[in-house]
Amino acid sequence: MNFKDLYNQKNKNELLQKIENEAFDRITLSFYKYTKLKNLETLRDDLYLKWGKLNILGRVYIAPEGINAQISIPENLLSDFKNELKNTAFLNDINLNNAVLDGLSFLKLVIKVKKEIVAFGLKDNDYDINKTGHHLGYNEFNKSIGEGAIIVDVRNYYEGEVGKFENAIIPDVSRSQELLPEIKKLLSQYKKDKILMYCTGGIRCEKASSYLIKEGFQDVNQLNGGIIKYANDIKKNNAKSKFIGKNFVFDLRIGEKITDDVISNCHQCDNNCDTHHNCKNQSCHILFIQCKKCNQKYKGCCSKQCADFIKLTIEKQKELFKSGKIKFTAQISHDIKPKLKELKSN
């Protein structure tokens with residue numbers, strides 16, 4: 001087997017051109033499964049070869065605890081892919097989650113071997129994945145909200161900043177490792193109440209609900225298929241969405257509009273806006289919300305400092321960066337809140 005067959009060899013521009021020249025539509029899908037896996041490196045290579053032949057793009061994590069995948073597949077090859085899944089023992093009963101809004105989501109196929117498919121950093125005795133919360137469909141979830149259940153967002157705060165369920169508790173954390181201890185703290189007074197959990201596609205709620213059950217919570221429930229399935233079901237059944245705003249996604253689309261509500265503001269001028277960008281200064285690359293006006297003013301950067309920096313020659317940028325005379329927002333702290341405060345002051 002040739003090493004080049006197992007990894008992408010093209011640069012970003014080549015990948016973009018290839019996709020632009022495609023004469024077919026693509027579908028963005030996601031799926032996951034908690035199951036014990038072995039021989040991960042061999043499995044990784046096998047999946048890469050098989051899915052590469054189907055022209056699949058995307059990001060896939062496999063770990064001893066299972067698989068987590070977000071992919072883009074040619075629409076005309078979807079049936080072939082489903083047959084491939086049926087012929088793969090641990091994937092033959094997988095549930096596929098269709099994206100709410102399709103678009104350019106991935107440029108290449110990346111399959112990585114990880115310690116966890118959701119990096120909560122839990123110890124084995126912190127949860128039992130065989131004991132998870134009750135899986136609720138959209139209708140039952142909406143009904144429970146109306147009956148006054150406690151709703152908690154099992155995502156990082158910047159995801160809930162642009163879209164959330166009404167009256168949901170949004171943990172003020174930006175790292176997955178901090179999420180579950182914070183949720184346990186926020187819900188400490190509700191151990192006997194009905195808890196509703198939700199996340200993007202359901203995978204984070206599986207482990208999170210199991211964790212809360214282990215911590216003594218008595219009525220733990222989770223949105224089946226996450227926001228993605230909920231939004232599709234709401235649309236299909238012409239029901240009212242209790243989720244408002246955008247669903248943040250970790251691909252090139254960055255977000256899927258679920259309702260027309262815009263619940264967040266530009267981090268630079270505070271005008272109503274829910275569009276995330278990464279700072280064009282690659283030495284910063286912070287993720288932030290920016291309106292069109294500020295995007296033009298700051299040339300796609302998070303601050304005047306970064307906008308001025310990218311005007312310099314590459315040689316001068318490297319010189320300043322290595323000298324330590326200049327520091328960017330993303331270098332100052334791993335916490336996003338201080339970063340955003342700094343953005344608004346610049």
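Strands β1 and β4 are paired antiparallel through 2 bridges; two strands count as paired if DSSP finds at least two bridges between them. In this pairing Ser-30 is set opposite Asn-97 of β4. Helices (H or I, at least four residues) and strands (E, at least two) are DSSP runs, numbered from the N terminus. This is a predicted model, in which local features need pLDDT of at least 70 and side-chain atom pairs count only at pLDDT 80 or more, while totals for chains, interfaces and linings use all residues. Residues are numbered from 1 along each chain as its sequence is written, and side-chain values use heavy atoms, with hydrogens and water left out.

β1 also pairs with β3: the two run antiparallel and are joined by 9 bridges. Here Tyr-34 faces Gly-66 of β3. Of the 9 residues of β1, 8 are buried, so that the strand is mostly covered; buried means under 20% relative accessible area, exposed over 50%, and partly exposed in between (1.4 Å probe, protein chains only). β3 is in turn paired with β2 (residues 57–63), in the antiparallel sense and over 7 bridges, with Tyr-61 opposite Asn-68 in β3.

These pairings belong to an open sheet of 5 strands, ordered β4-β1-β3-β2-β5 and mixed in its pairing. β4 (97–98) and β5 (109–113) stand at the edges; each has a single partner strand, so one side of each is left without a neighbour in the sheet. Helix α2 packs on this sheet and touches β1, β2, β3 and β5. The direction of α2 makes about 170° with that of β5, where axes are lines fitted to C-alpha atoms, for helices over the stretch in contact, and angles run from 0 to 180 degrees between N-to-C directions.

Helix α3 lies across β1 and β3 and runs at about 160° to β3. Which residues of α3 (residues 78–86) are buried? They are Leu-78, Phe-81 and Leu-85. These three sit on the same side of α3 because they cover an arc of only 60° around the axis, the arc being that of the directions from the helix axis to the C-beta atoms. An α-helix has 3.6 residues a turn, so residues three or four places apart point the same way. The cover over the buried residues of α3 includes β1 (26–34), α2 (40–53) and β3 (66–74), with contact meaning heavy atoms within 4.5 Å. On the face turned away from the buried side, α3 carries the exposed residues Ser-79 and Lys-86.

A charged pair also links α2 and α3. The side chains of Lys-50 and Glu-84 form a salt bridge at 3.8 Å, N to O; the term stands for a side-chain nitrogen of Lys or Arg within 4 Å of a carboxyl oxygen of Asp or Glu. Since Lys-50 is in helix α2 and Glu-84 in helix α3, the pair ties together parts that are 34 residues apart in sequence. Lys-50 is partly exposed, at 32% relative accessibility. By this rule the count comes to 19 salt bridges.

Another of these pairs is Lys-257 with Asp-274, whose closest N and O atoms are 3.0 Å apart. Lys-257 lies in strand β12 (residues 255–257) and Asp-274 in the loop between β12 and β13 (276–278), so this pair links distant parts of the chain, 17 residues apart. Lys-257 is partly exposed, with a relative accessible area of 29%, whereas Asp-274 is buried at 7% relative accessibility. Elsewhere, salt bridges that share partners join Asp-46, Lys-50 and Glu-84 into one network.

A further salt bridge joins Asp-233 and Lys-229, with 3.1 Å between the closest N and O atoms. Both are in helix α8 (residues 226–236), 4 residues apart, and are separated by about one helical turn. Asp-233 counts as buried at 16% relative accessibility, while Lys-229 is partly exposed at 28%.

Leu-196 belongs to strand β9 (residues 194–198). Leu-196 is buried, with a relative accessible area of 0%. Not counting residues up to four places away in sequence, Leu-196 touches several residues, including Leu-136, Phe-141, Ile-145, Ile-151 and Asn-221. Between the C-alpha atoms of Leu-196 and Asp-153, which are 43 residues apart along the chain, the separation is 8.6 Å.
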